[in-house]
Amino acid sequence: MQQIPWEVMLILLPLAGAMACFLWPRRTLLFGLISALGVGGCVAGLGWRLLEQGAQRYAVGGWGAPLGIDLYADGLSLLMLIITALVGLGVSIYSIGYFERRQAILFWPLWLLLWSALNALFLSADIFNLYVTLELLGLAAVALVALAGGANALTAAMRYLLVNMLASLCYLLGVALLYHNFGSVDIAILAQRVEASPAVWAAMGLMSAGLLLKSALFPLHFWLPPAHASAPAPVSALLSALVVKASFYILLRLWLEIFPQTGAAPGQLLGVLGAAAVLWGGIQALRQTRLKLLIAYSTVAQLGYLFLAFPLGSSFAWKGSLYLLLSHALAKAAMFMAAGNILRFCGHDRIADLDRVAQRLPVTMIAFSVAGVSIVGLPPSGGFIGKWMLLEAALRAGQWWWVIPLILGGLLAAAYIFKVIGYAFTQAGVLRQTNKVPMSMEWAALALALAALLLGLVALWPLSLMEIGLPFGGSEVDAIQRAEQS
Amino acid sequence: MNWDAGLPLLIVATSLFSGLMIFFLSEKHVVARTTLNLGGAVFKLVLVGVMIWGVFHGHHYEARLPLLPGLDLLLRADAESMLFVVLSSGLWLVTTIYAIGYLEGSPHRSRFFGFFSLCVTATVGVALAGNLITFVLFYELLTLSTYPLIVHRETEVARRAGRTYLIYTITGGALLLVGTVWLYSMTGTLEFAHRGFVAGLLDTHRVSLIVVFVLLVAGLGVKAALVPLHGWLPQAMVAPAPVSALLHAVAVVKAGAFGIVRVVDDVYGVEATTKLGVSGPLAALAAVTIIYGSLRALFQDDLKRRLAFSTVSQVSYIVLGIAIIGPIATTGGLVHLVHQGVMKITLFFCAGNLAETLGIHKVSEMNGVGRRMPWTMAAFTIGALGMIGVPPLAGFVTKWYLGVGALDAGQEWVVYILAGSSLLNAGYFLPVLYAVWFKPAPDSWPDERSFGRFETSWALLAPPVVTALLTLAVGLLASAPFSPLQWARFITTLEYMP
Amino acid sequence: MSAVLLYALTGAGLFTLGLYALIIHAHLLRKILAINVMGSGVFLILVALGGRTAGAVPDVVPHAMVITGIVVAVSATALALALVLRVQAATGRAELPEEPLE
């Protein structure tokens, strides 16, 4: 029986939607929503097939590697696609109320293009296609940031573009080196051929540097706060939830499959940088007076957590890191949406002047608080599960010192989240002029926040999806646990 | 789902459900909100009654929800949890009635009662938690749901108190979390068991176990207000009186104390606790807290602050009883979990009545108030005498068991602590009682409100009278079947007998 | 020194030169030019390394990559130039401010 090529549809559908939105601006919303729902359906279809048949490789047009383009889907890709679809649907609904018509016809094509690039990136099976998708992603993201207009957003977009181009070139140079040495760009083939050599180290360094720059790992995070804070709220949500994760995803893939595991030094280095990011981002977030900047710095901190799995290297740690990634995506998208609502409502986002927002925008404030629970890592939330897994992996590996950033980061997060919530409980002297916030914007934020919370209660499902195709290798920790329990 | 698994879930869910519903009610829906509040509380109490009956008849109530591979969320009804569940669900009903009367006509009641219900959900969850991770989950939920109650008045003072509370409790929660993960990485299980589950590691992981014990007790000690982790408690006094009653008697400090009971009895087990040499320092810490809290209480003129420091002192009786390690002292500690709750909630209700009815906030304003509010002050007197340890009230039973238990365990010094503490208790309560009953009343009260037939509204008056009667009853009927004391002895038997 | 190595080293040189210029120049147009120089360096390396064995038919895959890369670079440059115009219109300067604007 001919199988439905969900992979290809995941890439082509949003792309076609973007074209349609661009060509028929009057029907933007219609095409946009149809595409969004369609992508959701395709992800479900692909997920269903992966559950039944395991990891899948698909040769586009029947050409196959090395000349053709291969798409590869395993548990890791699937989870990234699912989270993209969830956040994407939330953002799509949110944006209906957020943008006026004039901006909507610009937003939708770019957003669908971004979605297409993300899906393609998570499905790519070779490092050169990853480069192309990364560039597509970057260009769409930059254009989306610029959508806000105004000097702040434009300069932030410009900085973001330059960083993106620089990072992509570093990455491409690494690709060139790998190709020259091993004659292939296919990840699976490279995984078999790569041996430690100076050229590989150089390639690894260049590619990692480019990807770390894009993932905004401390100290390469300088471009992130202005870009994420000055973009329109739905775009901030997309950037923080998904776009920075895409480059992290590539790094994860390369690290797991291609880079030779000789010596612990690079992993330790990434761990140290991650720990520094957690602390620095947390402290900076605490110092901010503007809500969106606070949330943006929180992203810097939260990205740091993801890198704490590198020094540990066990499959349990990788899963914990991925779990944090997923819950952060949902929670941070919800948080930026809530900030967008507050900005719309009050006309500003000065934290100290959030008078009585708790009473006047209750749904938004609940969304912010619930998302905050996951960001801090309190139970029951996805953030807690991820943190628990990392803590456990660190202690099991005997590297107890990684507990310190995990815990201090949580305390800092609690401090900056409750700083906001505390101001929301103030008594206002005067009732200022406020703008109405559409219901859909409030409830979209709440839905994503609740999804982040729910991730803390249904952890077994995502964890079992992570087993498809064993992207993290065998589960040695699970084996230890089984041995201990029996 | 069968009934044995459903009941614990249902008991937790009753208040969760009513709490979530209340959030969606507007301020005007007083009747609907009151119905939900009282209905939830009564229903929960009925279910708890069913559960006691079931446990007594050998039913095994247990609900599991897989959280991570090899790690479940576990709700389980064992003897210890029943003690705490009865306390919290019983006093929740009383406090709800009180709060409805107390907050009549004030703003944001839906928010208040919503979080109030969540708070009780968390407390019952803490009580029914069958393993450490479930305990941690509800313990953190308790932190989150009490914060909005403390800042309820939205004043600058309230927000500062809320901030202090969060700094203490979130840090404590983090320590507890680290201890829990660490323990799990060593043992591979977190399920509470009589005599604990660490015995196999005593020789190989001695230092780690001690560090974990310190982490766990520090994390729990924040809520139990062990010195020097007690700083948040007196500040949290700015909250409305029902919240103070809840924080001090039922929910927060009790969750901490109950957690320490769990750690000593069901995580480490008394044997391992003794072998590791951590019980002595814990007892010493509790003793210091008892004396320190009493000393500070002596010098407070603000009535609620005096009561707050009294709580600091009294809650450590529980910890002391557990840390002495011996069946009789443990019984005393466990039973004080209930006794202190009943007595302290009476005192806070009375303090709230004074503030609401007459505008009295300070001890120095209480002269002669006994004639103006005889019922309230009679309840207050019973609570205060109970705290001092006058027979046959609740506090006497506790102190008796603690003292005898300490002698039994060969730790005479505890008796001196108890005697000193009782003297200090008398020192900060008797002058108040003297002023209330024997000093002449002033011409006018600071801010008097009239409530018609009674000295104050019935919703404010009934709860303290009921809890005062309970204080009498648990002392007088201590040897009746199903009294807190008998239940505590039953638990101790499980813990110490082979 | 073989021709391939010469090309590759030239490419690496261009890459470094471009990186240097990207960092030290403030004007956005220069920055964009610098990145294009870097890009040319990478493409040169790719093409040069394609001819791995002297005399044999060069590997065509890197050529395909370079063409793709050029397309990407052109679009990125176009977007960058458009942004520069907008930045200049909004701030009056074609430079990035040191600190984010308020």
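Predicted model: local features only at pLDDT ≥ 70, side-chain atom pairs only at ≥ 80, totals over all residues.
Helices here are DSSP runs of H or I with at least four residues, numbered from the N terminus. With that numbering, L470(A) falls in the loop between helix 20 (460–465) and helix 21 (476–485) of chain A. Although L470(A) is not a glycine, its phi is positive, at about 45°. Its relative accessible area of 44% makes L470(A) partly exposed.

With a relative accessibility of 0%, A225(B) is buried, whereas L470(A) is partly exposed.

Two cis peptide bonds can be visited next, both in chain A. One runs from F218(A) to P219(A), with omega near 0°, and P219(A) belongs to the loop between helix 8 (198–215) and helix 9 (224–230) of that chain. Another links P379(A) to P380(A), where omega is about -10°.

Turning to the aromatic side chains, 35 aromatic pairs are found over all chains. One of them joins W487(B) and F490(B) in an edge-to-face arrangement, with 5.6 Å from centre to centre and 65° between the planes. The angle is described as edge-to-face because it is over 60 degrees. These two residues are three apart in helix 19 (residues 484–496) of chain B, so about one helical turn separates them. W487(B) is buried, at 10% relative accessible area, while F490(B) is partly exposed, at 40%. In chain A, a single aromatic cluster brings together F248(A), W255(A), F259(A), F307(A), F310(A) and W318(A).

Arginines also meet aromatic rings across the two chains. R396(A) is placed over the face of Y184(B), 5.9 Å from the ring centre. In the other direction, R159(B) lies over the face of Y423(A), at 5.1 Å from the ring centre.

Searching the whole structure gives three cavities of 30 Å³ or more. The largest cavity has a volume of about 140 Å³. It is lined by 16 residues, of which V376(A), G377(A), L378(A), A174(B) and L177(B) are the closest to its centre. At least two lining residues come from each of helix 17 and helix 18 (403–424) of chain A, and from each of helix 5 (132–150) and helix 6 (156–187) of chain B. Sorted by class, this lining consists of eleven nonpolar, three polar and two charged residues.

The second largest cavity holds about 80 Å³ of space. Two or more of its lining residues are given by each of helix 5 (127–146), helix 6 (150–182), helix 8 and helix 10 (233–258) of chain A. Among the residues of this lining are L134(A), L137(A), Y160(A), N164(A), K214(A), W223(A) and S247(A). Its composition is eight nonpolar, three polar and one charged.

Definitions and conventions. Residues numbered from 1 in each chain as written. Chains lettered and ligands numbered in written order. Heavy atoms only, no water. Phe/Tyr/Trp six-rings, centres within 6.5 Å; stacked < 30°, edge-to-face > 60°. Buried < 20%, exposed > 50% of the residue type's maximum accessible area, 1.4 Å probe, protein only. Lys NZ or Arg CZ within 6 Å of the ring centre and 35° of its normal. 1 Å grid on protein atoms, 1.4 Å probe; cavity = no way out; pocket = protein on both sides within 12 Å on 5 of 7 lines; lining within 4 Å. Points joined across faces, edges and corners; volume = space filled by probe spheres on them. Nonpolar A, V, L, I, M, F, W, Y, C, P; charged D, E, K, R; others polar.
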